[in-house]
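Please open the structure in your viewer and keep the selection tool ready.

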Amino acid sequence: MNLQDNVRFVRGIGPKKAELLGRLGIVTLEDAVQCYPRGYEDRTHITPIRHLLDGEKQCVHAVVGTPPQTAHIRRGMDVTRCMVYDESGALTLRFFNNKYAAAALETGKEYAFYGKVQAEGRGFVMLSPEFEPVGADDRTGRVLPVYPLTAGLYQRDLYRVTDAALAAVPDDLPDFLPEAIREQQGFAPIRDALAGIHRPQDMQQAQQARRRMVFEEFFLLSCGMGFLRARRSGKSGAQLRDLSLNAFYRALPFSLTGAQMRAIEACTLDIAAGRPLSRLIQGDVGSGKTMVAAALCYLAAKNGRQAVMMAPTELLAQQHMQTLEPLLQKLGVSCGLLVGSMGTRQKRETIQAIETGGVSVVIGTHAVLSDTVQFHDLAVAVVDEQHRFGVNQRATLTAKGENVHLLVMSATPIPRTLALLIYGDLDVSVIDELPPGRQKIKTYAVGENMRQRIDNFIDRQCAEGGQVYVVCPLVGDGESGRTSAESTAERLAGVLPHRRIALVHGRTKAAEKEQIMADFAAGNIDILVSTTVIEVGVNVPNATLMVVEDGDCFGLSQLHQLRGRVGRGKRQSYCVFYGADRGADARERLKTLVHTNDGFVIAQKDLEMRGAGDFFGTRQHGLPPMKLADLAGDTRVLEQARRAADALLAGDPELEHEPMLRARVEKLFAQYGEGSFN
């Protein structure tokens, strides 16, 4: 067989199994060899019965001491039991609906048993173990890979297809990793690495093989990002000749922080250099990223060009409009809002003004991506809350002008190493200062036993003139056991009948939601109960308390975002997260927020505890899916791969001397949405 053969021709894999394998993306033997194990079971360590650990999968060598006895427990349930012994003690074996065990185990014979151990009374029981005579070393005495499965498939099916795939790997399999890098990193040849990851002799070999495959994934991505940077640096950016911002600074009712000034300066230097600006601005909630965007929008208008700012929600777009329009109008710059809920006539008039140049700065949602929206002369594009958009949407926006300057903003702090991978085609600026007067928010993680005290605290904040957010994970009651916004609003109305309480969530009609948010901002509502729709786009300086129900079911970065909704005024603000009584993991996670307000520290912890997929959804970023690499746990390998890619590209920017590597990068990034690099 060869690697292009269909897996249905593998012995023991029929059409049905082949169809199930297809669900895992395994159609050919080449697919099978690239379907890496998700973990390993080390069955090489033999544990004496006396030293077994409760809850662990372990391997023992023991002699069958009592004949297996099968008992009928209830309809459809038979249990087979026997006792086995080694020099240190006795162990009970228990099999469910497995009469084979009774026939296969011989009293007085020694076997290797592998299975999960549970404490029971003063002894241990091993549940449904795999077993074989000592010395057979087929299912025990070795390191076994554990593959991802789908319903109807078993590990033995994956063993069959990967065995066939490994046998089909030619001795001269081409290796796209340059030889110099392989030697520098101490990597085995690709054929040996594949054997090591699928059929390792020991855990060390498995770890070495995995490291090589992880390096490959990061190396390919880093090379691709390097290509994108090189493509950008070879272009000329939209010309903005007058880069003076003195009038802009004079129009501001406050002074910018040093971090804001540095970010603006970095942007203007990029533009002055003649290349397209392509920069990520990272900063915590309230750090003032919007003012950096405002400065760029002003520069575009000042030079007779247009700018656009795209936000993920109408609430946030409207918030930006309320912030920027008064400032820019003072400077003689016209602004226009474009969102999906606008009336047909109003939308048509706005689109016409954009096309004729009647509007210099456009603030909107995904609506600005529509084919009907044509800009008169777009020079600057700003994407806010970048984690809500994909790479292709970013590209669609900048394609609405020639050599458009791009500024990407994110209030979800990302550890720098990870940012350099995900946004490897962008330069990165960090706003690490908060504006003067912003107080540290006092944060508490509590359990249900604090309910009455927190209700009283809510009441007291309202009595002192503050306002309160209460955020819930669900809109209505479900089967998850989580708290809903509807039931919480109803409960609070009963507990605090003298307070003005409103409810808003994702199912609330846009006009109603807008009115509720406006009433809350105007101080006409004391307590706003909501889902995470208020995560972005709300600026209410009078809000002094954020209460989050079921805080244990949110990501730490999302909780940090929610906390950033308060503490925007001069009064001391507070944040309370319920869920600290939901176990040790929940308590540890929430304690991170209690102990720090640093978004980057929180983001790193979130990444370590949840992994990148849950952290922000790698697909949302347009990042190709990782087969092996763990963006949280493999940061050292990521850094090594990135440095190796940068060094290679510095000497061979077009990879002319590495055609196989270039082809792999192009193939990967064609799927990524960037098309050809030619």
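Predicted model: local features only at pLDDT ≥ 70, side-chain atom pairs only at ≥ 80, totals over all residues.

The tour begins with the whole chain and then turns to individual elements and residues.

**The whole chain**

The protein chain contains 23 helices and 21 strands. Its C-alpha trace spans about 95 × 70 × 45 Å along the principal axes. Of the 678 residues in the protein chain, 52% are buried. Among contacts between residues at least 6 apart in sequence, 72% join residues at least 24 apart.

**The nonpolar cores**

Hide the surface and select Leu338 and Leu407, the residues with the most contacts inside the largest nonpolar core. This core has 69 residues. Which helix gives the most to this core? Select residues 289-302 to find helix α10, which contributes eleven residues.

Return to leucine 338 and show its surroundings. Beyond its neighbours within four places in sequence, leucine 338 is in contact with several residues, including Lys347, Thr350, Ile351 and Ile354. Further along the chain, its contacts include Val362, Ile363, Gly364, Thr365, Ala367, Val368 and Val373.

Another core, of 59 residues, lies apart from the largest one. To locate this other core, select Val169, Met225, Phe227 and Ala644, which are among its members.

**The cavity**

How many cavities of 30 Å³ or more are counted? The count comes to one, and about 30 Å³ of space lies in the largest cavity. Select Arg451, Ile454, Asp455, Ile458, Val470, Thr488, Arg491, Leu492, Val547, Glu549 and Tyr578, which form the lining of the largest cavity. Colour the selection by residue class: six of the lining residues are nonpolar, one is polar and four are charged.

Next, colour the helices α15 (451-463) and α16 (485-495), each of which supplies at least two residues of the lining. The largest share, four residues, comes from α15.

Is valine 495 buried or partly exposed? Valine 495 has a relative accessible area of 40%, and therefore counts as partly exposed. Use the distance tool between the C-alpha atoms of valine 495 and leucine 628: they are separated by 51 Å. Along the chain these two residues are 133 residues apart.

**A covered helix**

Select residues 556-563, which form helix α18. This helix is mostly covered, with seven of its eight residues buried. The buried residues in α18 are Leu556, Ser557, Leu559, His560, Gln561, Leu562 and Arg563.

Centre the view on arginine 563, which lies in helix α18. Its relative accessibility is 1%, so arginine 563 counts as buried. Which residues does arginine 563 touch, not counting those up to four places away in sequence? They are Ile441, Thr443, Cys575, Leu593, Thr596, Asn597 and Ile602.

**A buried residue in a loop**

Move to threonine 47, in the loop between β1 (39-42) and β2 (57-64). Because buried means under 20% relative accessible area, threonine 47 is buried at 17%. Leaving aside neighbours within four places in sequence, threonine 47 is in contact with Leu52, Gln58, Cys59 and Val60.

The last selections concern backbone angles. Most residues other than glycine have a negative phi.

Select serine 128 in strand β7 (residues 123-133). Serine 128 is not a glycine, yet it has a positive phi of about 40°. Serine 128 is partly exposed, with a relative accessible area of 40%.

Finally, select asparagine 403, in the loop between α13 (391-398) and β14 (405-410). Where does phi of asparagine 403 lie? Phi of this residue is near 50°, a positive value in a residue other than glycine. Asparagine 403 counts as partly exposed, at 34% relative accessibility.

Terms used: Residues numbered from 1 in each chain as written. Heavy atoms only, no water. Core = buried A, V, L, I, M, F, W, Y, C linked by side-chain atoms within 4.5 Å. Buried < 20%, exposed > 50% of the residue type's maximum accessible area, 1.4 Å probe, protein only. Contact = heavy atoms within 4.5 Å. 1 Å grid on protein atoms, 1.4 Å probe; cavity = no way out; pocket = protein on both sides within 12 Å on 5 of 7 lines; lining within 4 Å. Points joined across faces, edges and corners; volume = space filled by probe spheres on them. Nonpolar A, V, L, I, M, F, W, Y, C, P; charged D, E, K, R; others polar.
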